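Good morning, and thank you for coming.

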Amino acid sequence: GASAAAPGTAEIQNLFEDTVFNELEVKRITALNAENGIEAILATLLPMPILPHILNWLRDQARKENLSDGITIEQIIYLLDTLHPSQLIENKRDLAWKLYDTDEDGYVSQSDLVRVLRYLLPALPLSRHQVLARRALSRFPEKTSGKNRL
């Protein structure tokens, strides 16, 4: 679908009304967006190896919801709000589950973990990703068909 026009500074600041961010944090995120765009916000505020996976997950969510062809500022704010230190651990756990349940079937399977590991460790061969995923899942009790459910 066609991308909507990028929101202005005032519109972005309004998106923060129901979040845990303080005024200084809102100003910093708004400035990062104005200077470098929304992906730079995440690269600056969430410098972690899983960032490419998070960006792809956000793009997939936008496509599924027919919001745009790319990541929206609303998604970035949701993500940052969920990961904010003062946010509830349950909210962070739910987001992590969404990131690891790549096929959205309610389970984290070996194939889900392999997909995530490909983002985290792209230099490793697929066979190594599979071994790591198997080992990780072996630490949790199996519920049904070799998959683990929250």
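Let me begin with a convention: a crossing is left-handed if the near helix is turned anticlockwise from the far one by less than a right angle, and right-handed if clockwise. By that rule, α3 passes α4 in a right-handed crossing. Helices here are DSSP runs of H or I with at least four residues, strands are runs of E with at least two, and both are numbered from the N terminus.

A word on provenance. This is a predicted model, in which local features need pLDDT of at least 70 and side-chain atom pairs count only at pLDDT 80 or more, while totals for chains, interfaces and linings use all residues. Residues are numbered from 1 along each chain as its sequence is written, and side-chain values use heavy atoms, with hydrogens and water left out.

Now the overall layout. The protein chain has eight helices and two strands, arranged along the sequence as α-α-α-α-α-α-β-α-α-β. Of its 150 residues, 35% count as buried, where buried means under 20% relative accessible area, exposed over 50%, and partly exposed in between, with a 1.4 Å probe and protein chains only. Among contacts (heavy atoms within 4.5 Å) with a separation of 6 or more, 48% join residues 24 or more positions apart.

I return to α3 and α4. Their axes, which are lines fitted to C-alpha atoms over the stretch in contact, with angles from 0 to 180 degrees between N-to-C directions, come within 11 Å and cross at roughly 145°. On the α3 side, the contact is made by Glu39, Leu42 and Ala43; α4 supplies Leu51, Ile54, Leu55, Leu58 and Arg59. These residues divide into six nonpolar, no polar and two charged. In this scheme Ala, Val, Leu, Ile, Met, Phe, Trp, Tyr, Cys and Pro count as nonpolar, Asp, Glu, Lys and Arg as charged, and the others, Gly among them, as polar.

Helix α3, residues 38-45, also meets α5, residues 73-83: the axes come within 9 Å and cross at roughly 20°. The two helices are therefore roughly parallel, a label for angles under 35 degrees, with over 145 roughly antiparallel, 65 to 115 roughly perpendicular and the rest oblique. The crossing of α3 and α5 is left-handed. Ile38, Ile41, Leu42 and Leu45 of α3 face Ile73, Ile76, Leu79 and Leu80 of α5 in this contact, which has eight nonpolar, no polar and no charged residues.

Next, α5 packs with α6, residues 89-100, at an angle of about 130°, the axes lying 8 Å apart. That angle makes α5 oblique to α6. Here α5 contributes Tyr78, Leu79, Thr82 and Leu83, and α6 contributes Asn91, Lys92, Leu95 and Lys98. By class, there are four nonpolar, two polar and two charged residues.

Two single residues remain. Is Trp57 buried or exposed? Trp57, in helix α4 (residues 51-64), is buried, with a relative accessible area of 11%. Leaving aside neighbours within four places in sequence, Trp57 is in contact with Leu95, Lys98 and Leu99.

Finally, Glu104 lies in the loop between α6 and β1 (107-108). Most residues other than glycine have a negative phi. Glu104, although not a glycine, has a positive phi of about 55°. Its relative accessibility is 45%, so Glu104 counts as partly exposed.
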